[in-house]
Amino acid sequence: MKIAIFNVHNWERDYLESANNDKHTLKMFDTYLSLDTVDLAKGYDAICIFTEDNAAAPILDRLYELGIKFVALRSAGFNNIDVPYAQKLGIRMARVPEYSPYAIAEFTVGVMLALNRKLVRTHYRIMDMNFSLNGLVGFDMNGKTVGIIGTGKIGSVVTKILHGFGCKLLAYDVVKDQSLVEKYGVTYTDLDKLYKQSDIITLHAPLIPKTHHLINKESIAAMKKGVMLINAGRGGLVNTQDVISGLKSGQIGYFGMDVYEEEKGLYFEDHSEDILQDDAIARLMTLRNVLISSHQAFLTDTALKNIAKITFENLECMEKGSPCENEIKQA
Ligand code: NAI
C-alpha cells in the first residue's frame, strides 16, 4: 500500500519506519493536512494523520477525488474528522483507541504533584542559588478529594493511582464503571457535587459537542475556592478565558494544562525565535500556579511503539476489507 503520512514529527519518525519494516511505501510530510496541502495525497491509497490535521468535509471531498480509501489516525481522539461525512463517501477510518493509558494517567498525576509541591518553581530558584522554602508549601494528597470527569481507559488508571495515594475519589461519567466503585471506592456523582466537593478536578472525557467548554464561568464558580484543575484531555474541554479569570480571582488555585484550545500551529514546534501572538497563553505563562506542557502526556516509548504498530495493523485490516476493531464509525 502507498501511504502518505501527514504531520510527522521527529520523535515519531523512527517508530513509524520500524513498525512498517519496509512493508508499505511511506511518504512522510511534516505539513498538516489542510485544504492547501491535501493534494500531497495524490497517488497514495491511504493517509495517516495526527490530532492537529484537519479532515473536515471539503478536505474529505478532495481526498475522495484523489482516490484515498483509508484514513488512519495516530491518536485516540478523532474530533478533527467529520466522521459521518467520511462514512458517506465510503472512506474507512481507524484510530488507536488504546496505546498506553498509563502514559497519560502517570503524566496527569505527575502534573498534580509538580503543581502541588511547586517543583518547577523550586528548580528555577535553586538554579539561581536561592534555597529558600518560602512560598513552597504544598499539601498531602492523602485524604484529598479528587473529581475525575471521564472514567474510561485513562480516567480509570488515574483512579487506580490516586487510590494508592489515599485520595477520596469522586467521578462523573455518562457510563459508570462498577469495578472502580468496588475496587477503589469511587463514588459516582453528578457534576454539581463533584465541582462542590473536589480539591482537584481532572478531565478525561472526550471532546464532543456535549463536553465542549464543560469547564466555564458557571462550572468554575461552582468549584471549591483554590481548586486544582488538570486538563490532559482536549483543550476545548475548558473555556480558556474563563479559566484565566478563575486563576486571576484565586477561584482556581492551580491549573495543569497539557492541551490547549489554540494549540494548532503552536504546540509541537520550536517558536523560540517568534513573537508570541497568542495573548491567552501569554497570560497563562505569567502565572506561577500554572503548569503548561505541549500535549505530551502520551509521549512515552511504549506509547509510540504501540501507536506505530496499531496504525499499520489498522491500515492492513482495512486494506483486506476485513472488519477492523479500531474503525471509527458513527451510528
Ligand atoms: P475512553 O473512551 O476510554 O474514555 C472516555 C470516557 O469519557 C468514557 O468512559 C466515556 O463514557 C466518558 N464520557 C463520554 N462522554 C462524557 C461526558 N459527556 N461526560 C463525562 N464523561 C463522558 O477514552 P480515553 O482513552 O480514556 O481518553 C480520554 C481522552 O483523553 C481522549 O478522548 C483524548 O481526548 C484524551 N487524550 C489525551 C492525550 C494527551 O496526550 N494529552 C492522549 C490520549 C488521549
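**Ground rules.** I am working with a predicted model, where local features need pLDDT of at least 70, side-chain atom pairs count only at pLDDT 80 or more, and totals for chains, interfaces and linings use all residues. Residues are numbered from 1 along each chain as its sequence is written, and side-chain values use heavy atoms, with hydrogens and water left out.

**Annotation.** I looked up the UniProt record, an unreviewed entry, and its annotation "domain: D-isomer specific 2-hydroxyacid dehydrogenase NAD-binding" covers residues 110-297. Such annotations may be inferred rather than shown by experiment. Over residues 110-297 I read 35% helix and 16% strand, with the end C-alpha atoms 10 Å apart. Helices (H or I, at least four residues) and strands (E, at least two) are DSSP runs, numbered from the N terminus.

**Largest pocket.** I noted a volume of about 1,200 Å³ for the largest pocket. Lining it are 45 residues, and Gly77, His204, Ala205, Pro206 and Leu207 are the closest to its centre. For the record, a pocket here is an open set of points on a 1 Å grid where a 1.4 Å probe fits, with protein on both sides within 12 Å along at least five of seven lines; lining residues have an atom within 4 Å of a point. The volume is the space filled by probe spheres set on the points.

Where does the largest pocket lie? It lies between domain 1 (2-99 + 301-319) and domain 2 (101-292), because both give residues to its lining. Those bounds come from an automatic or database domain assignment. Helices H4 (101-116) and H6 (153-165) each supply at least two lining residues, and H6 gives the most, with 3.

**Helix H4.** I checked its length: at 1.5 Å a residue, the 16 residues should span 22 Å, and the end C-alpha atoms are 23 Å apart, which agrees. The expected span is 1.5 Å times one less than the number of residues. Among the buried residues of H4 are Pro101, Ile104, Val111, Met112 and Leu115. Buried means under 20% relative accessible area, exposed over 50%, and partly exposed in between (1.4 Å probe, protein chains only).

**Positive phi.** Lys118 follows H4 and sits in the loop between H4 and helix H5 (119-127). Its phi is near 55°, a positive value in a residue other than glycine. Lys118 is buried, with a relative accessible area of 16%.

I also found His213 with phi near 55°, in the loop between strand E9 (200-203) and helix H9 (217-222). His213 is partly exposed, at 22% relative accessible area.
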